[in-house]
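This report describes the fold, the packing and the side-chain pairs of one protein chain. The sequence and the structure are shown first.

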Amino acid sequence: MITVLFFAGIREVIGLDRIIIKKDRITVLQLKQYFESKYPLLSFGPFMTAINESFVTDEAMIKDQDTVAFIPPVSGG
């Protein structure tokens with residue numbers, strides 16, 4: 001099982017801050033496509049993705065027991 005954490009706009013669209021799904025050995029891109037098919041208003045646009053607290057690209061592989069977080073862009077000044 002994979003724990004998926006949502007923040008900001010994604011959390012608002014989905015209505016939850018986390019979901020546990022029974023998928024294994026999928027890429028970040030495939031996970032994004034899965035959620036976009038379930039929630040048509042969802043857009044990952046500028047969000048960064050982290051697996052187990054390390055930033056990754058869409059090609060990264062997600063495996064059982066991983067925690068994936070979709071993190072909004074942050075600005076400061």
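The model under discussion is predicted.

## Sheet and packing helix

## Nonpolar core

The largest nonpolar core contains 20 residues, and Leu31, Phe35 and Phe70 have the most contacts inside it. Two or more residues of this core come from each of strand S1 (2-6), helix H1 (8-14), strand S2 (18-21), helix H2 (28-38) and strand S7 (67-71).

Phe35 counts as buried because its relative accessibility is 1%, under the limit of 20%. Leaving aside residues up to four places away in sequence, Phe35 touches Val4, Phe6, Ile14, Ile19, Ile21, Leu42 and Phe44.

## Aromatic pairs

A pair of aromatic rings is described by the distance of the centres and the angle of the planes. Four aromatic pairs are present in the structure. In one of them, the rings of Tyr34 and Phe35 have centres 5.1 Å apart and planes at 70 degrees, so the pair is edge-to-face. Tyr34 is partly exposed, with a relative accessible area of 24%.

Phe44 and Phe70 form a tilted pair, with 4.6 Å from centre to centre and 50 degrees between the planes. This pair links distant parts of the chain: Phe44 lies in the loop between H2 and strand S4 (48-51), whereas Phe70 lies in strand S7, and the two are 26 residues apart. Both Phe44 and Phe70 are buried. Through ring pairs, Phe6, Tyr34, Phe35, Phe44 and Phe70 are linked into a cluster.

## Salt bridges

Side chains of opposite charge can pair when their charged atoms come close. The structure has two salt bridges. One joins Lys32 to Asp58, with the closest N and O atoms 2.7 Å apart. Lys32 counts as buried at 11% relative accessibility, while Asp58 is partly exposed at 27%.

Lys63 and Asp66 form a salt bridge as well, their closest N and O atoms being 3.8 Å apart. Here Lys63 is partly exposed, with a relative accessible area of 42%, and Asp66 is buried, with a relative accessible area of 5%.

## Surroundings of Thr27

Thr27 lies in strand S3 (residues 26-27). Its relative accessible area is 16%, so Thr27 is buried. Excluding residues up to four places away in sequence, Thr27 touches Asp58, Glu59, Ala60, Met61 and Ile62. Among these contacts of Thr27 is Asp58, the residue that forms a salt bridge with Lys32.

Terms used. Residues numbered from 1 in each chain as written. Predicted model: local features only at pLDDT ≥ 70, side-chain atom pairs only at ≥ 80, totals over all residues. Heavy atoms only, no water. Helix = DSSP H or I, 4+ residues; strand = E, 2+ residues; numbered from the N terminus. Buried < 20%, exposed > 50% of the residue type's maximum accessible area, 1.4 Å probe, protein only. Contact = heavy atoms within 4.5 Å. Core = buried A, V, L, I, M, F, W, Y, C linked by side-chain atoms within 4.5 Å. Phe/Tyr/Trp six-rings, centres within 6.5 Å; stacked < 30°, edge-to-face > 60°. Salt bridge = Lys/Arg side-chain N within 4 Å of Asp/Glu carboxyl O.
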